Amino acid sequence: MALLPILFIPLLGYAIAATRAAEEDSSQGPPPWRISWRLLADGLWTALAVLLTWLPFVLAWNPLATVLFKARLSPSSDELLADIYAHVLVFFALALPWGLVALLVLPHATAAFAATGRPRDLFNFAAAIRGVGRNFTTWNVAAAAIVTGWTIGLACAGLLCAGVVPGIFYAILVSAHAAAALHRANPRPSAG
């Protein structure tokens, strides 16, 4: 379990490789799974970008849970259960805005990074937001595909008992093709 967060680095690196492959030729299948320095570096940069979008919400989690706990809104009078209830409720309340922020900046940033290989393109959130404004329709369809892909991927894990690995792999491939569509809609991914 302690190594699980580290395993996301090669997985995110593969997501960048899949995006890059879809940008180059979307008719080809996914790239082969090979551990390389580039895959690990791309995964590390992508993990940092995801964490950067996540950071404000993580920092707000405990203070908001404390406010909710002190408001005594829990259905339980037990202190421990009331604290758990507050933290779970705030987690789900913050998940939606984080997801919206991530969908706003990460698809364009991922497409730019996959195209150029420059980490600064992955962290250029202003350019990503401008990309959404430039081609809102394509971003909207890409965001819908990403959300649907992850929903189906997680359903494969939980409902269909196909396992979490195939479900996440499917979601990554759908997300990669959606981000690649943003690159094709904007041939200058790092404009900004």
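**Surface patch and helix packing**

Modeller: This is a predicted model. One place to begin is a nonpolar surface patch of about 700 Å², formed by Trp61, Leu80, Leu81, Ile84, Val88, Phe91 and Phe92.

Colleague: Which helix gives the most to the nonpolar patch?

Modeller: Helix α3, which spans residues 79–116, gives the most, with six residues.

Colleague: Take Ile84. Where is its place, and how is its accessibility classed?

Modeller: Ile84 belongs to helix α3. Its relative accessibility is 43%, so Ile84 counts as partly exposed.

Colleague: Let us step back. How many helices and strands does the protein have?

Modeller: There are seven helices and zero strands. Read from the N terminus, the order of elements is α-α-α-α-α-α-α.

Colleague: And what share of the residues is buried?

Modeller: Buried residues account for 35% of the 192 residues in the protein. The accessible surface amounts to about 11100 Å², and 73% of that surface belongs to carbon and sulfur atoms.

Colleague: Why quote both an angle and a distance?

Modeller: Because two packed helices are described by the angle between their axes together with the distance between those axes.

Colleague: Which residues of α3 and α5 meet?

Modeller: From α3, the residues are Leu104, Val105, His108 and Ala109. They meet Phe125, Ala128, Ile129, Gly131 and Val132 of α5.

**Salt bridges**

Colleague: Changing topic: how many salt bridges are there?

Modeller: The count comes to four salt bridges. One of them joins the side chains of Asp42 and Arg20, with an N to O distance of 3.1 Å. That pair links distant parts of the chain, since Asp42 is in helix α2 (residues 37–70) and Arg20 is in helix α1 (residues 4–24), 22 residues apart.

Colleague: Are Asp42 and Arg20 buried or exposed?

Modeller: Asp42 is buried, because its relative accessible area is 6% and the class requires a value under 20%. Arg20 has a relative accessibility of 11%, so it counts as buried.

Colleague: Which residue forms a salt bridge with Asp121?

Modeller: Arg118 does, and the closest N and O atoms are 3.1 Å apart. Asp121 is buried, with a relative accessible area of 5%, whereas Arg118 counts as partly exposed at 31% relative accessibility. Elsewhere, salt bridges that share partners join Arg20, Arg38 and Asp42 into one network.

Colleague: And what does the side chain of Glu79 meet?

Modeller: The side chain of Glu79 meets that of Arg72 in a salt bridge of 3.4 Å, N to O. Glu79 has a relative accessibility of 44%, so it counts as partly exposed.

**Residues apart in sequence**

Colleague: Now Trp33, please. Where does it lie, and what does it touch?

Modeller: Trp33 lies in the loop between α1 and α2. Leaving aside residues up to four places away in sequence, Trp33 touches Pro10, Leu11 and Tyr14. At 47% relative accessibility, Trp33 counts as partly exposed.

Colleague: How far apart in space are Thr138 and Leu182?

Modeller: The C-alpha to C-alpha distance is 6.5 Å, with the two 44 residues apart in sequence. Thr138 is in helix α6, residues 136–158. With a relative accessible area of 21%, Thr138 is partly exposed.

Colleague: Last one: where is Asn62, and how far is it from His87?

Modeller: Asn62 is in helix α2. Asn62 and His87 are 7.2 Å apart in space, C-alpha to C-alpha, and 25 residues apart in sequence. Asn62 is partly exposed, its relative accessible area being 44%.

Definitions and conventions: Residues numbered from 1 in each chain as written. Predicted model: local features only at pLDDT ≥ 70, side-chain atom pairs only at ≥ 80, totals over all residues. Heavy atoms only, no water. Helix = DSSP H or I, 4+ residues; strand = E, 2+ residues; numbered from the N terminus. Buried < 20%, exposed > 50% of the residue type's maximum accessible area, 1.4 Å probe, protein only. Areas by Shrake-Rupley, 256 points an atom, 1.4 Å probe, with all protein chains shown as cover. Patch = residues over 30% accessible without salt bridge, like charges linked within 9 Å, V, L, I, M, F, W, Y side chains within 5 Å. Contact = heavy atoms within 4.5 Å.
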